[in-house]
Amino acid sequence: MLTTRQKEFPMFEGRYWLINITAQDGARCTTRTSPAENFKFASITLSSVGNIHAGTPQGSSLSPTLYNIFTADFPKNDKILNCLFADDSAILSQGSNTKFVIHSLQLQLYEIEKWCTLWRVAINTENTKAILFRKGHSKNPLKSLTFFDETLDWDSQVKYLGLILDRKLTFRQPANYNCDKFWAKVHLIIPLIGRHSVLSLNNKVLLFKQILRPILSYSAQIWGITSKCHHKKIQILQNKILRIMTNSPWFVRNEVIHKDLNTESIEEFIKKLSRKFFLKIPDHSNTLISSQIEYIHSNGKHKYPYATAKLSLPLKPPSILCVVPHFTFLFI
């Protein structure tokens, strides 16, 4: 067992302890309070001390700090917005002139190549995608981007942090993608929540809210603005699983099942999630997140706030380009 308790088993200068705990009666050993000298184990076997030549243990609290230090000198540009999140990273550029935006993005890619070569960072160019967000269609073919001598073709959709973005930002694909993940998870836990399960109805509802509903509502704060027909697809999935859980006959209305189980509809749940999410943004410690409220501006004349959206970047928003590179850090 590789312990992650830094108080009891501290880690200094890249050294670690590998501890194997075996109870005499076959049961798990219980511990008392720190320090480690007061712990009571049946038997303890310590391995030899080794040096960590590359990387940190999984889940280490030191990993985010090292990542921030490593990417502190990542190329920056006033015309480019860098969105770095572990190995899923994106760079965005926007403007009213497509040629100008492509040129700005290509210059940034050249700088990223220099940075990766300097720090020996390998990028998977096969999973690097480029996409253009804009209204209408371009009459002339777009100039392709090059990255590490590889040509980046323009895709109709990209997947970033589990969310599928299409070129028109209609968010049609998240509903289909979440549907497949939803039924895959249902097949695993159907013995627990099915019609013939011996679990109580309260426990079934708890499993639904903790396991299944997060799949349906993943990133709903973003794709929640999609059309109602896509909301209806998600709502149908929820209706089906609730009927299976309660073994309800065909003549019982879905509204009655939701009311008896004290469960909100998908649309109401998305509104609740979005309201809670956006209320936390102004007080967030990350400036990139707290600045997102600048994208919303309503003068009271339009029905929806995004009808008069003002982007925080000092460029006009008709066209936005996005490149999603996948980083692989090589420690040699």
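Which helix gives the most residues to the lining of the largest cavity? Before I answer, let me say that we are looking at a predicted model.

I begin with the cavity itself. The count of cavities of 30 Å³ or more comes to 1. The largest cavity holds about 30 Å³ of space. Its lining is made up of Gly 162, Leu 163, Ile 164, Pro 174, Tyr 177, Asn 178, Tyr 218, Ser 219 and Trp 223. Two elements give two or more residues to this lining, namely strand 11, residues 163–166, and helix 3, residues 173–193. The answer to my opening question is helix 3, which gives the most, with 3 residues.

At least three of its residues come from domain 1, which spans 16–25 + 61–166, and at least three come from domain 2, which spans 172–273.

I now turn to the helices, and I return to helix 3. How do helix 3 and helix 4 cross? Their axes come within 9 Å, and the crossing angle is roughly 165°. An angle over 145 degrees counts as roughly antiparallel, so helix 3 is roughly antiparallel to helix 4. The crossing of these two helices is right-handed.

Helix 4, residues 201–216, is also paired with helix 6, residues 228–246. Here the axes come within 11 Å and cross at roughly 160°. Helix 4 and helix 6 are therefore roughly antiparallel as well. The crossing of helix 4 and helix 6 is right-handed.

To close, I recall two points for colleagues new to this structure. Helix 3 gives 3 residues to the lining of the largest cavity, and helix 3 runs roughly antiparallel to helix 4.

Technical notes:
Residues are numbered from 1 along each chain as its sequence is written. This is a predicted model: local features need pLDDT of at least 70, side-chain atom pairs count only at pLDDT 80 or more; totals for chains, interfaces and linings use all residues. Side-chain values use heavy atoms; hydrogens and water are left out. On a 1 Å grid over the protein atoms alone, a cavity is a set of points where a 1.4 Å probe fits but cannot get out, and a pocket is an open set with protein on both sides within 12 Å along at least five of seven lines; lining residues have an atom within 4 Å of a point. Grid points are joined across faces, edges and corners, and a volume is the space filled by probe spheres set on the points. Helices (H or I, at least four residues) and strands (E, at least two) are DSSP runs, numbered from the N terminus. Domain bounds come from an automatic or database domain assignment. Axes are lines fitted to C-alpha atoms, for helices over the stretch in contact, and angles run from 0 to 180 degrees between N-to-C directions. Angles under 35 degrees count as roughly parallel, over 145 as roughly antiparallel, 65 to 115 as roughly perpendicular and the rest as oblique. A crossing is left-handed if the near helix is turned anticlockwise from the far one by less than a right angle, and right-handed if clockwise.
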